[in-house]
Amino acid sequence: MRRIALAERPDWRATAEREGFAFHTFDGERYWDERAYYQFSEAQVVRDLQAPTQALHALCLDAVARIVDSEALLTRLAIPPAYFDLVRQSWRSRDPHLYGRFDFSYDGRAPAKLIEANYDTPTSLYEAAAFQLIWLEEQIQRGGLAPHATQFNRIAEDLVQAFSTFDRQGIFHFSTIAGSVEDRGTTDFLRRMAEHAGIATRHIDLQDIGLDARGRFVDLRGEPIARLFKLHAWEHMFHEPFGPAIQASGTQFVEPAWKSLLSNKGLLPLLWEWHPGHPNLLPAYLDPDPLQPVPKGWVRKPYFSREGANVDIRTDDDQRVFEDGPYDDAPYILQRFAPLPRFDESYTLIGSWVIGDRASGIGIREDDTLITKDSSRFVPHVVLD
């Protein structure tokens, strides 16, 4: 695994705009950054990333099966009791799902260590699935990369396959909160994948979804929403006014309610408890006293934080790295500190995607600190021996 400098395409911004990648820059700072790329060998990808991703996904599905049968475990994961049946039934009905992402600390030598799992909202999906592949193809065409360079990246084709398991009859609605360019770009990409699978789609802002007199969620035309992809986290939905209407609405939600158990950092202590010493897991425990300073060599994380918010690191040499945020209303975990590897001046996090139930590809984020945030850069990769 190496980080290699490469001249950026002079027209990459125009390409991004043409391809619908409108969030390539945030507040004047690069989000997409192709001034370098990461190179992996085929063995590193297959042995150190693909295989652990597949194995950890199996452990996660096994965890869901164990958790839904235990009110004690559902309570431990801070699922509101009013939604126990919704979560349980969505699993027992095998409600279909699309994706998950494991975030790994990996340096190309030691086993990849799971930092967290994200199975609900698809941050960085478009960049990983589509734009870095465009970058690869154009760099090969322009002579910047060897003709036999590839990527670990079947994400788009596997998404089409995942959508093909859904009924093609009727409209599949896709929703996100109005005003987020990133979220809209991501949902529009997913809509295109659904359309490639022969499914008719329609966008609706979350704020425009209504509830009719029969308890059905409806769109602005008053038509019932039979299937809804919602780029909106379950932990928020459980506490919003329309939440009680979900179970009887007749709407099929994607991702399904059982995903609330996997995009929850309370899962990490359970995985360690059930699989102690697993080479890709880190020791993790419920934090008994979040008001105390983080012990040296550990990381404090709230169950529901996103994009690094409210993460508190105490390094092995007793340095503190902390990112403020709004996620202070749920339990916390302590996880053994596994520092992200540093390449040049950047700390590197690998997001490894599961699409359907298949390890499908990776995306890489860089930051100047040990905490990967919403502003962290996305950098492409190649596989080349």
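This is a predicted model: local features need pLDDT of at least 70, side-chain atom pairs count only at pLDDT 80 or more; totals for chains, interfaces and linings use all residues.
**Entry 1. Helices H6 and H7**

I noted at the outset that two packed helices are described by the angle between their axes and the distance between the axes. I recorded the crossing of H6 past H7 as right-handed. On the H6 side, I found the contact made by Ala156, Leu159, Val160 and Phe163. On the H7 side, Phe189, Leu190, Met193, Ala194 and His196 take part. Sorted by class, the contact of H6 with H7 holds eight nonpolar residues, one polar residue and no charged residues.

**Entry 2. Helices H5 and H6**

I then turned to helix H5, residues 125-141. The axes of H5 and H6 come within 8 Å, and I read their crossing angle as roughly 115°. H5 and H6 are therefore roughly perpendicular to each other. Leu125, Ala128 and Ala129 of H5 make the contact with Ile155, Ala156 and Leu159 of H6. I counted six nonpolar residues in this contact of H5 with H6, with no polar and no charged ones.

**Entry 3. Helices H5 and H7**

I next examined H5 against H7. Their axes come within 10 Å and cross at roughly 60°. This makes H5 oblique to H7. I recorded a left-handed crossing of H5 past H7, whereas H6 passes H7 in a right-handed one. From H5, the contact draws on Leu125, Tyr126, Ala129 and Ala130. From H7, Phe189, Leu190 and Arg192 contribute. The class division for H5 with H7 is six nonpolar, no polar and one charged.

I cross-checked the residue lists.

**Entry 4. The largest pocket**

I moved on to the pockets. The largest pocket has a volume of about 1000 Å³. I found 49 residues lining this pocket, with Thr123, Arg306, Glu307, Gly308 and Asp374 lying nearest its centre. I also asked which elements supply at least two residues each to the lining of the largest pocket. These are H7 and the strands S5 (99-105), S6 (113-118), S14 (298-302), S17 (332-336), S19 (346-355) and S20 (358-367). By class, the lining of the largest pocket divides into 22 nonpolar, 14 polar and 13 charged residues.

**Entry 5. The second largest pocket**

For the second largest pocket I noted a volume of about 260 Å³. Of its 15 lining residues, Glu235, His239, Phe304, Asp329 and Ala330 are the closest to its centre. I recorded nine nonpolar, four polar and two charged residues in the lining of the second largest pocket.

**Entry 6. Cavities**

I searched the whole structure for cavities of 30 Å³ or more and found two. The largest cavity has a volume of about 60 Å³. Its lining consists of Ala117, Asn118, Glu235, Ser263, Asn264, Lys265, Tyr303, Phe304, Ser305 and Arg306. I classed three of the residues lining the largest cavity as nonpolar, four as polar and three as charged. I noted that Glu235 and Phe304 line this cavity and are also among the residues closest to the centre of the second largest pocket. Arg306 likewise lines the largest cavity and is one of the residues nearest the centre of the largest pocket.

The second largest cavity has a volume of about 40 Å³. I listed Leu114, Leu268, Trp272, Leu281, Leu282, Ala284 and Gln335 as lining the second largest cavity. Six of the residues in this lining are nonpolar, one is polar and none is charged.

**Entry 7. Backbone details**

Between valine 254 and glutamate 255 I found a cis peptide bond, with omega about 0°. I placed glutamate 255 in the loop between strand S12 (252-254) and helix H9 (267-274). Alanine 78 is not a glycine, yet I read a positive phi of about 65° for alanine 78. This alanine 78 sits in the loop between helix H3 (71-76) and helix H4 (84-92).

How values were computed: Residues are numbered from 1 along each chain as its sequence is written. Side-chain values use heavy atoms; hydrogens and water are left out. A crossing is left-handed if the near helix is turned anticlockwise from the far one by less than a right angle, and right-handed if clockwise. Helices (H or I, at least four residues) and strands (E, at least two) are DSSP runs, numbered from the N terminus. Contact means heavy atoms within 4.5 Å. Ala, Val, Leu, Ile, Met, Phe, Trp, Tyr, Cys and Pro count as nonpolar, Asp, Glu, Lys and Arg as charged, and the others, Gly among them, as polar. On a 1 Å grid over the protein atoms alone, a cavity is a set of points where a 1.4 Å probe fits but cannot get out, and a pocket is an open set with protein on both sides within 12 Å along at least five of seven lines; lining residues have an atom within 4 Å of a point. Grid points are joined across faces, edges and corners, and a volume is the space filled by probe spheres set on the points. Axes are lines fitted to C-alpha atoms, for helices over the stretch in contact, and angles run from 0 to 180 degrees between N-to-C directions. Angles under 35 degrees count as roughly parallel, over 145 as roughly antiparallel, 65 to 115 as roughly perpendicular and the rest as oblique.
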